[in-house]
Amino acid sequence: MNEQIVARHWLAIIAPKAAPAVATSTVLILARIWNANGAEHSIGNAVLMTALSLAAAAAGACASIGRAGDSTIAGTAFAASGGLALAGVAGYADGLSLPLLLWVLATAIAYGLAARYWRTDRRGTLAYERHVSDRREERAHIERVETIRGTTQIEVARTGAAYAEQLAQALVTRAALPGFDLKVLETTGLPQLPAVDTF
């Protein structure tokens, strides 16, 4: 069997692993830019970010409650809530130490949550690869068995044809000899040709 070889670019391999750090770093950078443009100690901006963060958390809680709760929507809403809270603190705070501490915590939490999904995805990929490998081995075994069966049938047919040809040649040669009596041959009978199994 010919297998298609797909070589993924190295950026495509590391991009999912870098996504949580890129996301939290982007939020931190934008919040510090917002801080430099007047968000520091602004009560209105702090109230806005608090309200947006609470609204996102409430949306996540509503999405996760109920029988038909969607975990993807709930996770996205909770991530948005955390991101808004991080942006609010980073934009409102004086120094850089508290925003950096929150950035490290947010990045660690994001990697902790992402690792669970990566593990599930890896298990699914491994199960699929095992299934495909089992199917390939099964089909290769069937091909080998059918090849052996076909080769055997061809050899049996070839042997039968060679036997019939030799018998015909012997009969022709025997008929040319003096004293050949066809009646004796008919009463004695000819040997049977080997049977060929048809599958």
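Helix α1 (residues 10-39) bends by about 50° at A18 in this predicted model. The bend is the angle between axes fitted to the seven residues ending at a residue and the seven starting there. A proline, P20, follows within four residues. Helices are DSSP runs of H or I, at least four residues long, numbered from the N terminus. P20 is also buried, as are T24, L28, A31, R32, N35 and A39 of α1. Buried means under 20% relative accessible area, exposed over 50%, and partly exposed in between (1.4 Å probe, protein chains only). After α1 comes H41, with a positive phi near 60°.

Residues are numbered from 1 along each chain as its sequence is written. Local features need pLDDT of at least 70, side-chain atom pairs count only at pLDDT 80 or more, totals for chains, interfaces and linings use all residues, and side-chain values use heavy atoms, with hydrogens and water left out.

Two salt bridges occur in the structure. A salt bridge is a side-chain nitrogen of Lys or Arg within 4 Å of a carboxyl oxygen of Asp or Glu. One joins E146 to R149 (3.0 Å, N to O). Both residues lie in helix α4, three residues apart, about one turn of the helix. E146 is partly exposed at 43% relative accessible area. R149 is partly exposed at 32%. E155 pairs with R158, the closest N and O atoms being 2.9 Å apart. E155 and R158 are likewise three residues apart in helix α4, about one helical turn. E155 is partly exposed, at 39% relative accessibility.

I109 also lies in helix α4 (residues 97-176). I109 is exposed, with a relative accessible area of 54%.

Definitions and conventions. Helices (H or I, at least four residues) and strands (E, at least two) are DSSP runs, numbered from the N terminus.
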